[in-house]
Amino acid sequence: MIEAKEISKRYGDKTVFERLSLTVETGVWTVLTGASGLGKTTLLRVLAGLEQPDEGVVSGLDGLRKSFVFQENRLLERASALENILCVAPDRERAMKMLELVGLGTELSKPAGKLSGGMKRRLAIARALAYGGDVFFLDEPLRELDKGTETQIASLLRGELQGKTVLLITHDEDFANRPGNTVLRFAGPPMKPEA
Ligand SMILES: Nc1ncnc2c1ncn2[C@@H]1O[C@H](COP(=O)(O)OP(=O)(O)O)[C@@H](O)[C@H]1O
Ligand SMILES: [Mg+2]
């Protein structure tokens, strides 16, 4: 379980959230929803330990392997699709399997920079799956995918990450509201649980 106690985050004089507390249960998908610009990405990054809160504490991450789909793809544009995965997850078989699963089996040697927007997103997802881990931080993983692929990738993620601890940001209501998910809805600013 990841636990945030009374965490606050400010940028300059802008308060993103103040004394926010929440828990992310082990083995459950916890979904963060709320308007654009509210602070979801900031909250996810603080919960992941990538950023420190100005006040409060986040606990429960010690010793866990963390895997990310960041809001931006963060690919090595000149490296091939396969190399993009191998540089974080060196098991070649597994890397190729994940590329197949996201529908990039024929694009292995293409430079990431030459892929379409949707393909880049799928590569970032394949990389996170290949890397694996105890907890997955997915910041709008379906972003930039076309409608057909969106459904496919949503069900792929459901299948591959069933029973994993997942912290997910999505605007896709179907994806968010799957049975078993804990959905945390936020209002604001500053970001706070919806009344
Ligand atoms: N590194 C930063 N420096 C200054 N302001 C930031 C930074 N990161 C985010 N913000 C601001 O914090 C607010 C929340 O951003 P963000 O967490 O990206 O929202 P969301 O993911 O919900 O769209 C926005 O107003 C954004 O401009
Ligand atoms: Mg965001």
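## The loop between E8 and E9

Pro190 sits in the loop that runs between E8 and E9. This is a predicted model, so treat what follows as a reading of computed coordinates. Pro189 is in that loop too, with strand E8 covering 182-187 and strand E9 covering 192-193.

Two cis peptide bonds turn up here. One runs from Gly188 to Pro189, with omega near 5 degrees. The other joins Pro189 and Pro190, and its omega is about -15 degrees.

## Overall build

Stepping back, the protein chain has six helices and nine strands. Its C-alpha trace spans about 50 × 30 × 30 Å along the principal axes. The radius of gyration is 17 Å, which agrees with the value near 16 Å that a compact globule of 195 residues would have.

Buried residues account for 34% of the 195 residues. Now take the contacts between residues at least 6 apart in sequence: 70% of them join residues at least 24 apart.

The chain splits into domain 1 (1-65 + 134-195) and domain 2 (75-132). Between the C-alpha centres of the two domains there are 24 Å. Domain 1 puts ten residues into the contact and domain 2 puts in nine residues.

On the domain 1 side, helix H5 (residues 147-160) gives the most, with four residues. Sorted by class, that side of domain 1 has five nonpolar residues, one polar residue and four charged residues.

## The largest nonpolar core

In soluble globular proteins, nonpolar side chains tend to be buried together. Here the largest nonpolar core has 50 residues. Leu47, Met98, Leu99, Leu123, Ile125 and Ala126 are the ones with the most contacts inside it. Helix H4 (residues 117-131) gives the most to this core, with eight residues. Both domains take part: the core draws at least three residues from each of domain 1 (1-65 + 134-195) and domain 2 (75-132).

Leaving out residues up to four places away in sequence, Ala126 touches Ile85, Met98, Leu99, Leu101, Val102 and Leu104.

Ala81 is found in helix H2 (residues 81-86). Is Ala81 buried or exposed? Ala81 is buried, because 28 other C-beta atoms lie within 10 Å, against a cut-off of 20 or more.

Setting aside neighbours within four places in sequence, the contacts of Ala81 are Leu99, Leu104, Glu107, Leu108, Lys110, Ala112, Leu115 and Leu123. One of these, Ala112, is 31 residues from Ala81 in sequence, yet the two C-alpha atoms are 5.3 Å apart in space.

## Val31 in strand E3

Val31 lies in strand E3 (residues 29-33). With 21 other C-beta atoms within 10 Å, Val31 counts as buried. Beyond residues up to four places away in sequence, Val31 touches Leu168, Thr170, Ala176, Asn181, Thr182, Val183 and Leu184.

Glu18 is 13 residues away from Val31 along the chain, and their C-alpha atoms are separated by 19 Å.

## Two glutamates with positive phi

Glu6 has a phi near 50 degrees, a positive value in a residue other than glycine. The place of Glu6 is in strand E1 (residues 2-11), and Glu6 is exposed because 12 other C-beta atoms lie within 10 Å.

Glu140 also has a positive phi, near 50 degrees, and is likewise a residue other than glycine. Where does Glu140 lie? Glu140 is in the loop between strand E6 (135-139) and H5. With 19 other C-beta atoms within 10 Å, Glu140 is partly exposed.

## Around ligand 1

Which residues surround ligand 1? They are Tyr11, Val16, Ser36, Gly37, Leu38, Gly39, Lys40, Thr41 and Thr42. By class, this shell divides into three nonpolar residues, five polar residues and one charged residue.

Helix H1 (residues 40-47) gives the most to the shell around ligand 1, with three residues.

Notes:
Residues are numbered from 1 along each chain as its sequence is written. Chains are lettered from A and ligands numbered from 1 in the order in which they are written. This is a predicted model: local features need pLDDT of at least 70, side-chain atom pairs count only at pLDDT 80 or more; totals for chains, interfaces and linings use all residues. A residue is near a molecule or strand if its C-beta atom, placed from the backbone, lies within 6 Å of it. Ala, Val, Leu, Ile, Met, Phe, Trp, Tyr, Cys and Pro count as nonpolar, Asp, Glu, Lys and Arg as charged, and the others, Gly among them, as polar. The radius of gyration is taken over C-alpha atoms; the globule rule is 2.2 Å times the number of residues to the power 0.38. Two residues are in contact if their C-beta atoms, placed from the backbone, lie within 7 Å. Domain bounds come from an automatic or database domain assignment. A nonpolar core is a set of buried Ala, Val, Leu, Ile, Met, Phe, Trp, Tyr and Cys residues joined through C-beta atoms within 7 Å.
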